[in-house]
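Let's take a walk through a protein fold together. Have the sequence and the 3D view open, and follow along as we go.

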Amino acid sequence: MPGIGESGDVNDRAASAGVPPPSSTTIRVAIVDDQAMVRQGFGALLDAQTDMQVVGSAEDGSAVVDLVRRTAPDVILMDIRMPGLNGLDATRSVFSMPGDHPRIVMLTTFDADEYVFSALRAGASGFLLKDATAEDLITAVRVVAGGDSLLAPSVTRRLIAEYVAGPSVAKDTAVLGQLTDREIDVMRLVAKGHANAEVAQQLFLAEQTVKTHVSRILSKLGLRDRTQIVVAAYESGLVVAGS
């Protein structure tokens, strides 16, 4: 699997383990995994960071809603495969709650987990392999807490090619009518895995202008992050798998 730093603008922000915290505010983290060793190991590592605090954990997805209400985490590390309520259904439960929602990173053992795309559609901000290095885990939490998505472009393309671009999927072209021609150009390149600097170079724009276009796309389409821009681009037919 390509490294975390290959996802959109994360390339600039997460090039090393020395990624600075997104702000001076402590990042509140919750861990949901049926394996006690994962909860304890990840918890100890993240709690040792000066800008993070592990505020709670659970061993089953059915406890997630209560966990969110009690601890108000900024980021949840969620196992995608759990007995009882799995990570996918637990993610849906979180995003059905009123008010602001935490960012969710799905934890998986396999980089081709069949639930990953469904989790992204449900609202997750990306996924992380459980055998990721300590540096990658710390970086992942900071990146997601800072508002970026966490999914390598090559993985995004493979997932969507398999689960979205099939002939049975109806294309929702109406969403494109809300965007300007330039925003559509930006959306197309973002969906193909290009960072803002690369989009700017290809469209002969300033990088800050591209960031503004991305923000407007998110706002107009009611999306949370760049990963959801990718999903929307494929579901609308703007980008076709293999193109």
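## Cores, a sheet and its helices

The largest nonpolar core has 25 residues, and within it Val186, Met187 and Ile229 touch the most other members. Keep in mind that this is a predicted model. Which elements give two or more residues to this core? They are α8 (181-191), α9 (196-203), α10 (207-221) and α11. The largest share, six residues, is supplied by α8.

Have a closer look at isoleucine 229. Leaving out residues up to four places away in sequence, Ile229 touches Met187, Val190, Val214, Ile217, Leu218 and Leu223. There's another core too, lying apart from the largest one: it has 23 residues, including Met82, Met97, Leu120 and Ala124.

Now back to the helix that carries Ile229. How many residues of helix α11 (residues 226-235) are buried? The count is 10 of 10, so to speak a helix that is mostly covered. Among the buried residues are Arg226, Gln228 and Glu235, along with Ile229 itself. After α11 comes glycine 237, with a positive phi near 85 degrees.

Next up is the sheet. Five strands form an open sheet, and reading across you get β2-β1-β3-β4-β5, with parallel pairing. At the edges stand β2 (52-58) and β5 (126-129); each has a single partner strand, so one side of each is left without a neighbour in the sheet. On average, neighbouring strands are turned by 25 degrees against each other, direction ignored.

Let's zoom in on some pairs. β1 (residues 27-32) and β3 (residues 75-79) pair in the parallel sense over four bridges, and valine 29 stands opposite valine 75 in β3.

| Helix | Strands touched | Angle between directions |
|---|---|---|
| α2 (residues 36-47) | β1, β2, β3 and β4 (103-108) | about 165 degrees with β2 |
| α6 (residues 134-145) | β1, β2, β3, β4 and β5 | about 125 degrees with β3 |

Over at β5, the pairing with β4 is parallel as well and runs over four bridges. There, threonine 108 stands opposite leucine 129 in β5.

Which way do the residues of β5 point? In a regular strand the side chains alternate between the two faces of the sheet. Gly126 and Leu128 point one way from β5, Phe127 and Leu129 point the other way, and all are buried.

Terms used. Residues numbered from 1 in each chain as written. Predicted model: local features only at pLDDT ≥ 70, side-chain atom pairs only at ≥ 80, totals over all residues. Heavy atoms only, no water. Pairing = 2+ DSSP bridges. Axes fitted to C-alpha atoms, helices over the stretch in contact; angles between N-to-C directions. Contact = heavy atoms within 4.5 Å. Buried < 20%, exposed > 50% of the residue type's maximum accessible area, 1.4 Å probe, protein only. Core = buried A, V, L, I, M, F, W, Y, C linked by side-chain atoms within 4.5 Å.
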